[in-house]
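Subject: Two-chain model, for your files

Hello,

Please find the model below. My notes on it follow.

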Amino acid sequence: MEELYGKIAHCVEFGKINLASPYPPDMKGQEGADELTKKAIDEGFPPEEVLKKGLVVGMEKIGVKFRENKVFVPQVLMSAKAMSTAMEHLRPFFESGAVKRKGIFVIGTVAGDLHDIGKNLVSMMVKGSGFEVVDLGTDVNGQQFIEAIKQHPGCYVGLSALLTTTMVNMEKIVAEIKAAVPDTKILIGGAPVSEEFKEKIHADFYSRDPQGAVDFLNRSVA
Amino acid sequence: MTGRALVKQAFQLRKAERIPWVPFVGVHGARLIGATATAYLQSADLLFQGVSKAIELYQPDGIPVVFDLQMEAEILGCKLAWSDHNPPAVVSHPLLEGKTLADMQIPDKNAGRIKLTLEATRRLRNAHPDVALYGLITGPFTLALHLLGTDIFMKMLEDPDSMTALLQFTNEVGKHMASYYIEAGCDIVAVVDPMTSQIDPMSFETFVTPCATGLFEHIRQQGALSSFFVCGHAQQNIEAMCGCKPDNISIDENIPLDYVKEVALKNDLSFGGNIKLTVVMLMGTPNDVQENALECMDMGGNKGFILAPGCDMPMDTPIENVKAVTGLVHDPYRQEVVRAMEKEQSKLDLLNLKDYGQTDRVVVDVITLDSESCAPCQYMVEAVKKVTPHFEGLVEWREHAIKKLEAVTFMSSLMVKNIPTICIDGKIAFVSQIPPRQELIAAIQKRINEKLKLKLKSKKGELFIFGKTAEECQDLIANVKRATAELGQQMEIKMITDPHQLAIFGITETPAAILAEYKVKSTGTNPSVEIIKEWVKNVY
């Protein structure tokens with residue numbers, strides 16, 4: 001049982017999606033996250049454990065490697081793809097309520113900014129850690145965030161910006177959200193954003209990498 | 001030397017007399033002329049006006065014609081979402097929508113917005129022959145990402161051959177764009193490839209290096225200079241970027257300037273950047289901007305460094321903040337002032353100067369950088385020096401050159417921000433401008449009058465009458481009483497006949513009188529030693 005969890009985690013960490021996938025070269029011809037997860041479910045392993053001991057472990061490992069500059073976006077995307085392929089087999093258990101989500105995370109790229117790489121990475125990693133993610137997409141304004149927060153009381157909010165020209169919109173959106181729903185915890189990130197900027201605009205948390213956001217959320221719900 | 005020559009000098013790693021300043025004015029130019037970003041980027045006239053206005057306001061040594069990484073993508077079929085406050089953004093990726101690389105052609109110089117941009121370039125070249133013009137082109141990796149979307153990242157791993165073909169095409173587009181800009185009069189072609197910050201050095205060397213190296217070689221062959229711009233956390237790739245052999249590397253605040261300096265100079269490349277765009281330029285004060293810019297200048301040095309913001313300046317960057325950089329770059333005095341303030345201010349214990357200026361004389365403090373090396377300071381000191389004789393010893397003046405820590409402490413304690421400044425009895429009186437003689441005299445006279453009034457109100461005294469016997473003192477005491485009565489004042493009189501006391505005061509012949517004046521020097525505070533010294537000096 002533990003061995004299978006370990007293999008699933010390994011596939012996620014190294015971005016091995018399925019049997020047909022050519023990447024990574026040294027795992028060519030082997031089963032990937034897709035087949036192994038299906039096998040685990042078919043054999044009656046508890047879905048919650050498949051998630052916790054398999055998928056989440058793999059995502060966390062790649063998240064830490066990303067933070068340490070050992071891997072970059074391409075490798076993380078491969079891991080995320082392996083993760084989401086495997087998640088398909090777990091979906092029915094989430095829908096039936098057999099497996100509980102840790103919390104809800106609402107994320108979007110701020111108004112004016114249409115770049116979504118960073119946001120998608122965070123979204124995938126947070127999802128991979130067992131949260132429900134509500135992705136509002138790109139070019140999201142304060143009102144849209146507030147509506148989503150009201151629909152999902154107690155959710156955490158993530159704001160992303162890739163451009164120096166649009167990160168200023170973060171300040172406005174943070175102020176709007178804090179005025180409408182004062183207790184909302186807001187995480188910010190993106191290439192031009194910094195801890196200093198976070199302080200200036202009164203957001204709650206800044207992380208320079210997605211794993212930092214995952215860690216913050218896990219600490220918050222613990 | 002013209003700014004254009006200064007920039008070229010820095011690119012060629014020759015020691016410069018001054019660090020060149022290149023504000024990355026993109027859609028900020030639209031703001032300067034009251035246009036929207038949307039209109040601005042689609043009009044040669046507006047581009048010309050906006051950049052000209054920026055040149056007038058910011059006196060740059062070099063400036064980009066336009067900062068828009070969507071121009072090539074739009075022509076190649078990406079849909080854009082326009083915004084009035086930002087550059088447009090790419091919202092669709094043609095290679096994901098059924099188009100193939102074979103369907104795409106290299107844009108010619110009349111395609112899309114290239115035509116109007118080149119027209120603006122030519123007009124700017126004619127109108128501003130002394131400013132270096134930067135032509136910005138979309139880097140091969142970023143353009144490939146526009147065309148393919150984020151699938152590009154997985155393609156690198158799953159299908160490296162098609163990735164290489166795509167990058168060869170986008171690089172070819174870059175070569176053509178570079179030629180267009182050079183022909184229209186740009187001195188420097190900047191290859192802006194921010195998305196490379198997302199990949200590791202090995203992927204960079206595998207995919208980006210082969211094409212980018214060719215691109216920079218192409219620019220060199222056309223007789224122009226080149227810069228490789230990156231923004232974001234791209235520290236891991238700086239070495240690899242240098243390996244592509246551009247003339248210059250430009251980075252933003254995510255990468256420490258000292259690191260880039262080290263790597264660039266080791267590779268014989270010039271480098272630039274690094275004024276913080278948002279927390280400082282957009283949200284800070286002109287003082288913050290000058291401190292940050294000076295930090296960059298001191299770190300960058302005058303060989304090979306170009307002072308610039310990290311990236312495209314946000315549209316609403318306050319004009320005063322950008323001008324603050326101009327003021328600093330062109331004014332060595334200002335640099336020394338900011339440097340002195342920055343170095344010392346953090347560790348200062350400010351003096352309590354509430355009771356400063358309570359001596360009989362009026363004290364005029366001139367706060368300078370150093371009157372020997374700063375001309376405005378010298379003239380201000382001379383102006384003060386000349387008027388003091390007018391007051392016949394009533395006025396004392398001092399210079400505080402802030403190259404010394406005590407002077408910085410004093411300056412900060414008086415809340416003086418500019419050099420030179422004249423303070424009269426601890427109050428700021430004249431800032432930066434040297435006052436005309438009559439104004440200076442009037443200001444000092446006003447203070448003397450104030451003091452006189454205070455003096456009359458607060459003075460109290462005591463008269464000691466010394467004698468060998470009480471009888472011997474009586475006549476003198478009677479005269480003192482009469483004198484005070486005639487003046488309508490009261491004065492405490494003490495008679496001292498103790499021979500021991502007489503000896504202490506050094507009195508040998510009696511009767512004698514000693515007048516002691518009491519004056520309130522401070523209330524409710526603990527004046528500093530410096531201040532008390534002033535009181536003491538007044539007595540001796």
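Helices (H or I, at least four residues) and strands (E, at least two) are taken as DSSP runs and numbered from the N terminus. The expected span of a helix is 1.5 Å times one less than its number of residues. By that rule α6(A), with 12 residues, comes out close to expectation: its first and last C-alpha are 16 Å apart, against the 16 Å expected at 1.5 Å a residue.

Before the rest, the conventions: this is a predicted model, in which local features need pLDDT of at least 70, side-chain atom pairs count only at pLDDT 80 or more, and totals for chains, interfaces and linings use all residues. Residues are numbered from 1 along each chain as its sequence is written, while chains are lettered from A and ligands numbered from 1 in the order in which they are written.

To stay with α6(A) for a moment: 12 of its 12 residues are buried, so the helix is largely enclosed by the rest of the structure. Buried here means that 20 or more other C-beta atoms lie within 10 Å of the residue's own; 12 or fewer make it exposed, anything in between partly exposed, and C-beta atoms are placed from the backbone. The buried residues of α6(A) include Lys119(A), Asn120(A) and Lys127(A). Just after this helix, Gly130(A) has a positive phi of about 100°.

Chain A

Chain A has 10 helices and five strands. Its radius of gyration is 18 Å, close to the 17 Å that the globule rule gives for 222 residues, so chain A is as compact as a globular protein of that length. That radius is taken over C-alpha atoms, and the rule is 2.2 Å times the number of residues to the power 0.38. The C-alpha trace spans about 50 × 35 × 25 Å along its principal axes, and 54% of the 222 residues are buried.

Between them, 13 residues of domain 1 are in contact with 12 residues of domain 2, where contact means C-beta atoms, placed from the backbone, within 7 Å. On the domain 1 side, α3 (47-67) and α4 (73-87) of chain A each supply at least two residues, and α3(A) gives the most, with eight. By class that side has 10 nonpolar, two polar and one charged residues. The classes are Ala, Val, Leu, Ile, Met, Phe, Trp, Tyr, Cys and Pro as nonpolar, Asp, Glu, Lys and Arg as charged, and the others, Gly among them, as polar.

Ala40(A) sits in helix α2 (residues 33-42) of chain A. It is buried, with 24 other C-beta atoms within 10 Å. Beyond four places in sequence, Ala40(A) touches Leu4(A), Ile8(A), Phe45(A) and Val50(A). The C-alpha atoms of Ala40(A) and Val50(A) are 7.3 Å apart, at 10 residues' separation in sequence.

Chain B

Chain B has 22 helices and 16 strands. Its radius of gyration is 35 Å, whereas a compact globule of 540 residues would have one near 24 Å. Along the principal axes, its C-alpha atoms fill a box of roughly 125 × 45 × 40 Å. Buried residues make up 47% of the 540. The assignment gives domain 1 (3-330), domain 2 (362-456) and domain 3 (460-518), and the C-alpha centres of domains 1 and 2 of chain B lie 48 Å apart.

Between the chains

Contacts link 27 residues of chain A with 32 residues of chain B. On the chain A side, α4, α6 (117-128) and α9 (195-201) each supply at least two residues. Of the elements of chain A, α4(A) gives the most to that side, with five residues. By class the side has 16 nonpolar, seven polar and four charged residues.

Outside four places in sequence, the contacts of Ile8(A) include Ala33(A), Leu36(A), Val50(A) and Ala86(A).

Regards

Conventions: Two residues are in contact if their C-beta atoms, placed from the backbone, lie within 7 Å. Domain bounds come from an automatic or database domain assignment.
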